[in-house]
Amino acid sequence: MSNGVAALNAPLVGAAGSRARLETPSLLLDATAFEKNVSVLAEMAAVRGMGLRPHAKTHKCAAIAKAQLEAGALGIACAKPGELLALFEAGVNPLMLTAPVASRLKIDRLAAAAARGADIAVVVDRAQLIADYAASARAASATISILVDCDTGLGRTGVTTPAEAVALARMIEAEEGVTYAGVQAYAGNVQHVLGFEERRAANRVANERLQAIVTALKAADLAPGIITGGGTGSHMLDFEDQVLTEVQAGSYVFMDEGYRPVDLHGAGEEVFRFALFVAVTVIAHSANGEAITDGGTKSFAIDGPPPRAFLDGVEIGTIAWAGDEFGRLKTHDGHAPPPAGARLECTVPHCDPTANLYDVVHLVRDDVLEAIWPIEGRGLSD
Ligand SMILES: Cc1ncc(COP(=O)(O)O)c(C=O)c1O
C-alpha cells in the first residue's frame, strides 16, 4: 500500500469505532449486508435446483469471489481476460470469460493459464474464434471449454439463430484442444426493467428464443451441459422459467441506486441489501452554505441515480457532482449541512464501475474496520 488512504486506514483494522474514523474517499463493504446477499441468492438458487456463477465484473475482488464459491457457486464469471487472469493468480477457480475476444495474444495468455491449472470456459460467436482458441490450447497443451454465445435480444454479441448455434457447437466438438460446454445468453436488455410483470414478459421472450436454440442443439445431438446467463434483475424469473441451468448475477452482492427501483420479486420489498458505500468527508462549505465533500466523479461512477448520503446511519441528503474531486451535499428537509470533518457514507449510482476505481475495499462490520481486501482486477478492463 502506497500513499493512498488504505495505508492510513490499515492500523485501524480491528479497532473499536474505526469505521467512523476511516480516511476518505474510501470504498466500504458492509460485511453483514454482503454476507446476507451472498447467502440469500445461494439459498434461492439451491431451493430451485439452479446453479450460480456470480459475475466478478461487479467486484473484481478475489476475497469476494471466494466467499461466493464457498456459498456454493459453480464458478466465477469474468468480463475480460485481464480480470480473469488477476483472479486466477489470486486463487480463484473455475473461471468463465463471458465475452468474445479478438486477440490471439490474449487467447495465448488464457491458454497458458489453463496449462497452469486454470479451469477456463470461454464464449464464442464465430468460427475463427473457435479455431484460435483451439490452436492456442493445443500449443499450450491445455484444454479450454467453449460455450456458444447467443443473442436473445440484447443486440450486443452472440449468434441469433438456432442454425448458427448448432453450426458453431459442431465446430467446437470437431476441434482438438477445446471441449463443447454449452451456451450462454445474457439478457442484459431485461435486467433493469422496473416493473416485475414487464420484466417477466421481456425475460420470457428472451428465454423462449434461448429455448428454441437449446431444442435445436438437442435435436442435433449437441445438448448443452451448461446454459448460462441472467443477472440480478432477472434471477427470480430465470429460476421460474428453468431454461438456464445457472445464473450469472453480479450486482446483487453490492446493490446500487440503479437497481434500487427495480422490483426484483414483484412484492415491492428489498431482496438484497445495500452493501457497498463510498465514505467521504466534508472538507468545506460553499458560499451558500452547502457541505462540500472530498468525493467527486473520480470516486464514484456517475452513470446512475445520485448517491444517498448517511451521517451516523441516518439518510440526510443526496450527493450532486461538484467536480472530479468534489461532491455537493443536497440535504433533505430538516437536516443541516454537517461541519467540516464530518464523515458521510454514500450509496453508489452504479456498483461495477465504482468498484473499478479503487485498489482496495474496506470490509466493515458494525462500527469496526475488519479487513482491507485488494481489488485484484481493478482497472483491468482489457
Ligand atoms: C454477461 C453478463 N453476465 C452477468 C452480468 C451481471 O449482471 P447484473 O450485474 O445485473 O447482475 C453482466 C452485467 O453486465 C453481464 O454482462
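The buried residues of helix H2 pack against strand E1 (26–30), strand E2 (51–52), H3, helix H9 (235–241) and strand E9 (246–247). Buried here means that 20 or more other C-beta atoms lie within 10 Å of a residue's own, exposed means 12 or fewer, and partly exposed is in between, with C-beta atoms placed from the backbone. Helices (H or I, at least four residues) and strands (E, at least two) are DSSP runs, numbered from the N terminus.

A word on the model: it is a predicted one, where local features need pLDDT of at least 70 and side-chain atom pairs count only at pLDDT 80 or more, while totals for chains, interfaces and linings use all residues. Residue numbers start from 1 along each chain as its sequence is written.

Back to H2. Which of its residues are buried? They are Phe-34, Asn-37, Val-38, Leu-41 and Ala-45. Looking down the axis of H2, these buried residues fall within an arc of 90°, so they line one face of the helix. That arc is taken over the directions from the helix axis to the C-beta atoms. On the other side of H2, you'll find Thr-32, Glu-43 and Val-47 exposed. As for length, the 17 residues of H2 (residues 31–47) should span 24 Å at 1.5 Å a residue, and the end C-alpha atoms are 24 Å apart, which agrees. The expected span is 1.5 Å times one less than the number of residues. After H2 comes Gly-49, with a positive phi near 65°.

Helix H4 (residues 81–89) is mostly covered, with seven of its nine residues buried. Those seven are Pro-81, Glu-83, Leu-84, Leu-85, Ala-86, Leu-87 and Phe-88. They pack against helix H3 (62–70), strand E3 (76–78), strand E4 (95–97) and helix H5 (104–115). H4, too, is followed by a glycine with positive phi: Gly-91, near 95°.

Now for the domains. The domain assignment gives domain 1 (5–29 + 271–374) and domain 2 (34–253), with bounds that come from an automatic or database assignment. Their C-alpha centres lie 33 Å apart. Where the two meet, 10 residues of domain 1 are in contact with 14 residues of domain 2, contact being C-beta atoms, placed from the backbone, within 7 Å. On the domain 1 side, the largest share, three residues, comes from helix H10 (residues 351–355).

What about the ligand? Of the 16 residues around it, Tyr-186, Gly-231, Thr-232, Gly-250 and Ser-251 come nearest. A residue is near a molecule if its C-beta atom, placed from the backbone, lies within 6 Å of it.

| Item | Backbone value | Location |
|---|---|---|
| Thr-24 to Pro-25 | cis, omega near -5° | Pro-25: loop between helix H1 (5–9) and E1 |
| Asn-93 to Pro-94 | cis, omega near -10° | Pro-94: loop between H4 and E4 |
| Asp-312 | positive phi of about 50° | loop between strand E12 (308–311) and strand E13 (314–321) |
| Asp-366 | positive phi of about 50° | loop between strand E16 (360–365) and strand E17 (368–374) |

Neither aspartate is a glycine, despite the positive phi. Asp-312 counts as exposed because it has 11 C-beta neighbours inside 10 Å. Asp-366 counts as exposed with 11 C-beta neighbours inside 10 Å.
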